[in-house]
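Here is a structure to look at.

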Amino acid sequence: MAVEHNILPKTLSLAVHELRTPVTVVAGYLRMLLREQAGPISEKQRKMLEEADRSCGRLGALVAEMSEFGKLEGSDVTFARQDFDLSALVVELASGLHDAEDRGVQFEARAATPGDMKEIWMTGDRVRIAAAVKALMQSALRERIEPGLMLARCSVLTGNPHWGVVAIGDEAVLPDLERGAASPPPEFDEWRGGLGLALPVARRVIEAHGGAVWSGTGPQARATSALRLPLTR
């Protein structure tokens with residue numbers, strides 16, 4: 001019996017359809033309880049409901065990722081086409097990222113050379129690329145064990161085409177990550193627990209724009225990542 005090649009997108013589409021409604025209903029009832037629409041609740045009950053609401057939110061985010069992943073696997077997605085500054089996008093994302101500050105980890109965006117961040121223009125789906133870059137940043141921060149400073153560094157690799165490169169990690173490992181942009185990048189471990197489907201979606205979005213994503217090597221490889229995207233000018 002022949003096996004359909006597009007069975008995964010169809011399976012994910014069915015799962016999303018079956019999960020989306022109950023997740024929405026549960027989230028709605030939790031919010032009603034938190035607003036005390038069914039009567040007063042104690043402080044202990046509120047904390048329990050808030051934790052349930054956060055968990056429901058994570059489940060809802062996973063359902064959304066499953067939907068996006070299925071579309072990307074089935075080539076059933078239309079990307080927006082707009083010009084935007086990749087370096088400005090990285091700065092914007094880095095400034096709003098505070099996931100690891102409670103562990104003493106700070107996160108900054110910098111240029112590869114001293115001075116102001118230069119404009120790095122590309123054409124593509126800014127919203128989806130932003131989500132992909134943010135997923136890589138959050139993944140690196142999640143894997144960082146020691147307190148300290150992590151960087152997202154932007155640079156341009158000239159050639160045909162010109163590449164915009166974003167390397168994420170400790171300052172000491174950034175040069176090695178950036179050198180990976182000039183050759184076929186090494187494998188990228190996208191299947192990591194606790195991150196849902198954010199990394200598989202990120203890789204597919206970047207590759208759909210003609211780019212690539214990779215990690216460093218060594219024991220701290222998971223606390224690093226890098227990507228390249230073709231530039232408009």
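Predicted model: local features only at pLDDT ≥ 70, side-chain atom pairs only at ≥ 80, totals over all residues.

Q: What makes helix H3 a helix that lies across E2, E4, E5 and E7?
A: Contact, meaning heavy atoms within 4.5 Å. Helix H3 (residues 86–95) lies across E2, strand E4 (148–157), E5 and E7. Helices (H or I, at least four residues) and strands (E, at least two) are DSSP runs, numbered from the N terminus. H3 runs at about 165 degrees to E2. Axes are lines fitted to C-alpha atoms, for helices over the stretch in contact, and angles run from 0 to 180 degrees between N-to-C directions.

Q: Why do E2 and E6 count as edge strands?
A: The open sheet has five strands in the order E2-E4-E5-E7-E6, with mixed pairing. Strand E2 (105–111) and strand E6 (212–214) each have a single partner strand, so one side of each lacks a neighbour in the sheet. Neighbouring strands are turned by 15 degrees against each other on average, direction ignored.

Q: How do you know that E7 pairs with E5 and with E6?
A: Two strands pair if DSSP finds at least two bridges between them. Six bridges join E5 (residues 163–169) to E7 (residues 225–230), and the two run antiparallel. Trp-163 stands opposite Pro-230 in E7. E6 and E7 have three bridges, also antiparallel. Here Trp-214 faces Ala-226 in E7.

Q: Why is E7 called largely enclosed?
A: Buried means under 20% relative accessible area, exposed over 50%, partly exposed in between (1.4 Å probe, protein chains only). Five of the six residues of E7 are buried, so the rest of the structure largely encloses this strand.

Q: Is Pro-9 buried or exposed, and what does it touch?
A: Pro-9 sits in helix H1. Its relative accessible area is 15%, so Pro-9 is buried. Leaving aside neighbours within four places in sequence, Pro-9 is in contact with Gly-70, Glu-73 and Gly-74. The C-alpha atoms of Pro-9 and Met-66 are separated by 9.2 Å, at 57 residues apart along the chain.

Q: Why is Met-32 called partly exposed?
A: Met-32 is in helix H1 (residues 7–34). Its relative accessibility is 34%, so Met-32 counts as partly exposed.

Note on methods:
Residues numbered from 1 in each chain as written. Heavy atoms only, no water.
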